[in-house]
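This report describes parts of a predicted model. Please look at the sequence and the structure first.

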Amino acid sequence: MASSPENNASLSVQKATRSESSQAKKSQHAEEAIFYMNCRAAYLTVLKSSLENIKSKEQLSLVLQQAGRNPSQKTVNKYWTSQTTTLNFDDFCTILKKEKPATKPELLEAFRKIDADNTGYILHDELFKILTTFCDLYMTTSEHCCKTARERLEVDSRLRQQQFGSQAEASSEGITVSKPSPRVSRKTDHKLAPTKGDSRTPSRPSSAQSCKASISTTISMGASSNRNTKLIEPDTVKEWQCAQSKGCFYLEDDGEIISHKYKLHLPQRSTVCITIKPLNVRQVEGKSCHWLSVDTALYILKENETQENLQVVSFTEQQNKEMFGWKGELASGIYWLLPFTTGCRLKKVKTQITGEAKLVYRGEDGELTLTKEFRAALLDIFETIDLDGNGLLSLEEYNFFELRTSGEKCDEEAWAVCKENFDMKKNELTRQGFMDLNLMEANDREGDPSDLWVTLLSLGYNKALEMTEACPFVIDIYAEKCKPRIKAIYLEAGSWQLNRAICKSVVNKGEAKVMDGCENIIIYTYKAGRRITSVIENKTENKVIIHVNNEQSKNCLSNRGLAVFAVEVAPKSMMVSQHVMPLNEQEEWLYSCVHSLLR
């Protein structure tokens, strides 16, 4: 049957959209590769290798200067505290993301300090004197360091590729390295190696070191389809009792991902089905739902006597389209549900935004009004933070919103004031009350949207009112013999319990390979649906540095970094090496990774 012109046009638009999206992803990955390349170039002008740590404030200041930053003593002190002993290359990259190069206003301010008479210009003799007096020694040292670094990198092409990563592969690999959030205190597990943000974890291998043992893993994956595994459909358990809660992954400025964490109470032993999937909230017409492609998972931990003593039960490994779930029998008691996303898809993105969306305007009567676009965004936000989905915001739900946007909580007294001024039902804030609350904030600032933008940006929106750095999700729990209860307890970064749960699940279910020549180093690789995770176990009495090479992988998206990196694993411990997903799910992808022990 011949297709209609309308269908052909629709297909053409879909293909063009996919092509543009693919090009945008490749462009972003190329920018990230250039960023890490520049980071490494600056690092190597001061230090001999990317595995060598920064050991003093003076070194940190010099490396930042080499990267085009102009750090004040206050800035250096912010990153080098009394507890700091060393900073590694990953730490340095994170600092560079936060400390932007000097802006035009800053340069003009510096110019004005030199131009004491405010004439608008500097005489050649004056400029010569300033540069030769203050910059001669620094420039000589800088040029010498740069020259040394260039000579070292030009020794051979293989060394240059090892230090900077394969640019050809970088175009098809995402680069996101999650770092610990400065706002969240975290505990450590002596059986687990430092997380990715630990200052002892090196990022890239040094050329001076050679590999003495290695192991290769290759997995060929077909194009993604609407997988329908053994996970039971909700329709088949509609007679079971159900509990539901929404939540959200939020991306921090430093790349760390935080999310809600939950307690599940089962009054008696029962067969249960637990699922998690991205939440498709209402959107402004024409705006894409970036987060719907984000991977989600849920780790189930049993509480035994204390909150610190948690036993890993399982995780949602079965997949049905975008939903991941687990079905099994649970004893009565308290369980913790820890949401997780790899960071392969939820990551910092750079998009071309033509202009800033308007949030408020003054009507003919001179009164401030929320724009249609802003109201739509606020409705999406309300849907996301209304965790129990009853169409109202309780004080607890509203406080998760406040903690995320301002870092503070609303107490009972302040909530009572809200009740007097905004629409509420049963002591809970309505949608209209939430709208009026934001309008009041705009009125308090006489129409200045600055505070409103702080709120929007902290919730993952960009200046075009697109949610690009957050992923709302929904959790459903079905129990056959009892009424389950779920409650959000925290909004924080991934805990050591989550890291341990991930490692244990990969060890229990993944394929184990002993490293050739070193039987005490084991690489576990686990594949489920569209995700591959590898874990390194170090059974030796000494720390080891593992070189990881993904250069032969095709159509892959990694949470770790460039195609080549290195990780340090503490003695008698295990840690996640990397998570990998397909860059384009409609195409085949090849995971080809070589783990090598460095001398």
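Helix α15 (residues 496–509) lies across β16, β17, β18 (531–538) and β22 (573–582), and runs at about 80° to β22. Helices (H or I, at least four residues) and strands (E, at least two) are DSSP runs numbered from the N terminus. Angles run from 0 to 180 degrees between N-to-C directions, with axes fitted to C-alpha atoms, for helices over the stretch in contact. The model is predicted, with local features needing pLDDT of at least 70 and side-chain atom pairs pLDDT 80 or more, while totals for chains, interfaces and linings use all residues. Residues are numbered from 1 along each chain as its sequence is written, and side-chain values use heavy atoms, without hydrogens and water.

The strands β16-β17-β18-β22-β20, in this order, form an open sheet with antiparallel pairing; two strands pair if DSSP finds at least two bridges between them. Its edge strands, each pairing on one side only, are listed here.

| Edge strand | Residues |
|---|---|
| β16 | 511–515 |
| β20 | 556–558 |

On average, neighbouring strands of this sheet are turned by 25° against each other, direction ignored. Five bridges join β16 to β17 (residues 518–528) in the antiparallel sense. Val514 is opposite Ile522 in β17.

Elsewhere, the axes of helix α13 (residues 431–444) and helix α14 (residues 450–458) cross at roughly 135° and come within 8 Å. α13 is therefore oblique to α14, as angles under 35 degrees count as roughly parallel, over 145 as roughly antiparallel, 65 to 115 as roughly perpendicular and the rest as oblique. Asn438, Glu441 and Ala442 of α13 make the contact with Asp451, Leu452 and Thr455 of α14, where contact means heavy atoms within 4.5 Å.
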